[in-house]
Amino acid sequence: EVVWWGSSLSDEVRERFARRVATAVWQSDAIGIPTVSRFLRDLRLDTEDTLVGTRGGRGLRGVLFSLEHRLEAHAKDFAEKTMTSCHLHQDLERWNLYPAIFKEAPGVITVSRHADMPEALEKRFGVASQNLVIPPRHADIGKDSPLELRRVGWLPDVIDEIAPQLRAVAKGKLVLIAAGYLGKHLVQVARKAGAVALDVGSIADYWMGQRTRSYLDI
């Protein structure tokens, strides 16, 4: 929460957002999970490493815990659900598959912190798109105007304004969302509005010429 929004949320707000994100995850058609390589990257093989010593390790344990308990309680819910790599958004870029995806889309909408995303997609893929701008992460504040940030606020402050804007334009479109943790909720909003919605995460930064994740040097 501090990395993304500069401070911790209240218990009430945290619980409200957690319910939204959990609903989005478990109702999605495809869930990205960490691959074996991610566990090997974070695991210390020369010690009895339980992955509790780092934020990333605790996240991996959280994913395992959630999936195991969800499968035990709701196994039938996974019968038609696709499980894939949490790095799929980057793999699609490596495999040069975004052009094929864009080719089939009747319209493209992005949700990202990059105001000039439409220009980047036009230049890179020849795709016309509309972008709904959201506030950046607190950790990225150096790349943006502090005055503008104070005017807009953080994503938790404005997500209930962004969601209806997205709902109004999403039907029948391909919606690409790069909005971190709360972006999962926006994926669900677009999906329920009749869009094909993908969480593209840091690949949006990559399209803007920014390498903000270390998984692969695409």
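## Contacts of V175

Leaving aside residues up to four places away in sequence, V175 touches I109, L166, A170, A190, A195, V196, A197 and L198, where contact means heavy atoms within 4.5 Å. The model is a predicted one, in which local features need pLDDT of at least 70 and side-chain atom pairs count only at pLDDT 80 or more, while totals for chains, interfaces and linings use all residues. Residues are numbered from 1 along each chain as its sequence is written, and side-chain values use heavy atoms, with hydrogens and water left out.

## The nonpolar cores

V175 is also among the residues with the most contacts inside the largest nonpolar core, which has 26 residues, and L155, L166, I177 and L186 are listed with it. A nonpolar core is a set of buried Ala, Val, Leu, Ile, Met, Phe, Trp, Tyr and Cys residues joined through side-chain atoms within 4.5 Å, and buried means under 20% relative accessible area (1.4 Å probe, protein chains only). At least two residues of this core come from each of α2, β3 (108–112), α9 (155–169), β5 (174–177) and α10, and α9 gives the largest share, six residues. These helices (H or I, at least four residues) and strands (E, at least two) are DSSP runs, numbered from the N terminus.

A second, separate core has 16 residues, including L92, F102, L121 and Y206.

## Helices α2 and α10

The axes of helix α2 (residues 11–27) and helix α10 (residues 180–192) come within 8 Å and cross at roughly 55 degrees, the axes being lines fitted to C-alpha atoms over the stretch in contact, with angles running from 0 to 180 degrees between N-to-C directions. α2 is therefore oblique to α10, a word kept for angles that are not under 35 degrees (roughly parallel), over 145 (roughly antiparallel) or 65 to 115 (roughly perpendicular).

Terms used:
Buried < 20%, exposed > 50% of the residue type's maximum accessible area, 1.4 Å probe, protein only.
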